[in-house]
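Subject: Structure for your review

Dear colleague,

Please find below the sequence and the structure that I am handing over to you. My findings follow directly after them.

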Amino acid sequence: MTAPALLTVSGNWTVPWAVCDYRVSGTGGGGAGGGVDAAAATAASGLAGIGATWAMTPTPGATMAYTIAAGGTPGAAGANPGGNGGDTIFDGVTLDGCAG
């Protein structure tokens with residue numbers, strides 16, 4: 001059994017020769033919280049990104065491209081929404097980021 005690979009920055013992953021199947025778990029980027037509205041003393045939080053786990057049957061030696069999503073940027077002071085989270089993509093499978 002091959003040890004899990006933790007992918008934290010975008011790039012390419014090459015399937016090890018001894019691997020005949022594998023699982024992928026990922027999450028889209030979460031949306032950021034909004035700016036604080038001083039008059040109401042409130043701020044809304046962003047939504048979590050979409051998460052999923054799936055199995056794949058790879059070709060040993062194949063290279064898989066992947067993109068690790070960024071979270072959204074915080075909203076400016078006042079009643080301003082936070083930015084949306086980005087999408088995480090692994091070998092063409094997209095996990096959507098969510099709204100800020």
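The chain has zero helices and six strands, where helices (H or I, at least four residues) and strands (E, at least two) are DSSP runs numbered from the N terminus. Read from the N terminus, the order of elements is β-β-β-β-β-β. The radius of gyration, taken over C-alpha atoms, is 18 Å, well over the 13 Å that the globule rule gives for 100 residues, so the chain is more spread out than a compact globule. That rule is 2.2 Å times the number of residues to the power 0.38.

Please note that this is a predicted model, in which local features need pLDDT of at least 70, side-chain atom pairs count only at pLDDT 80 or more, and totals for chains, interfaces and linings use all residues. Residues are numbered from 1 along each chain as its sequence is written, and side-chain values use heavy atoms, with hydrogens and water left out.

Overall dimensions and surface

Along the principal axes, the C-alpha atoms of the chain fill a box of roughly 60 × 20 × 20 Å. The chain exposes about 6,100 Å², of which carbon and sulfur atoms supply 58%; accessible areas come from the Shrake-Rupley method with a 1.4 Å probe, and for residues only the protein chains shown count as cover. Of the 100 residues, 27% count as buried (buried means under 20% relative accessible area, exposed over 50%, partly exposed in between; 1.4 Å probe, protein chains only). Among contacts between residues at least 6 apart in sequence, 68% join residues at least 24 apart, a contact being heavy atoms within 4.5 Å.

The nonpolar core

The largest nonpolar core has eleven residues in all: Trp-13, Val-15, Val-19, Tyr-22, Val-24, Trp-54, Met-56, Met-64, Tyr-66, Phe-90 and Leu-95. Such a core is a set of buried Ala, Val, Leu, Ile, Met, Phe, Trp, Tyr and Cys residues joined through side-chain atoms within 4.5 Å. Strand 2, strand 3 (51–56) and strand 4 (63–67) are the elements that give two or more residues to this core.

Leaving aside neighbours within four places in sequence, Leu-95 is in contact with Gly-26, Thr-27, Gly-28, Ile-50, Ala-52, Trp-54, Asp-87 and Thr-88. The C-alpha atoms of Leu-95 and Ile-50 are separated by 5.7 Å, although the two residues are 45 apart along the chain.

Aromatic pairs

Rings of Phe, Tyr and Trp (its six-membered ring) pair if their centres lie within 6.5 Å; planes under 30 degrees apart count as stacked, over 60 as edge-to-face and the rest as tilted. By this rule the count comes to four aromatic pairs. Trp-13 and Phe-90 form a tilted pair, at 6.3 Å centre to centre and with 50 degrees between the planes. Trp-13 lies in strand 1 (residues 11–14) and Phe-90 in strand 5, so this pair ties together parts that are 77 residues apart in sequence. Trp-13 is buried, with a relative accessible area of 16%, and Phe-90 is buried as well, at 8%.

Phe-90 also pairs with Tyr-22, here edge-to-face, at 6.4 Å centre to centre and 75 degrees between the planes. This pair links distant parts of the chain, with Tyr-22 in strand 2 (residues 22–27) and Phe-90 in strand 5, 68 residues apart. Trp-13, Tyr-22, Tyr-66 and Phe-90 form one aromatic cluster.

Thr-88, in strand 5, is buried, with a relative accessible area of 9%. The side chain of Thr-88 reaches the backbone oxygen of Thr-27 at 2.7 Å and the backbone nitrogen of Ala-69 at 3.2 Å. A polar contact is a pair of N or O atoms within 3.5 Å; within protein, one must be able to donate a hydrogen and the other to accept it, and residues adjacent in sequence count only if both atoms are side-chain atoms.

Asp-91 is found in the loop between strand 5 and strand 6. Asp-91 has a positive phi of about 50 degrees although it is not a glycine; most residues other than glycine have a negative phi. Asp-91 is partly exposed, with a relative accessible area of 36%. Gly-92 has its place in the loop between strand 5 (88–90) and strand 6 (93–95) and is exposed, at 67%. From C-alpha to C-alpha, Gly-92 and Thr-67 are 9.8 Å apart in space and 25 residues apart in sequence.

Yours sincerely
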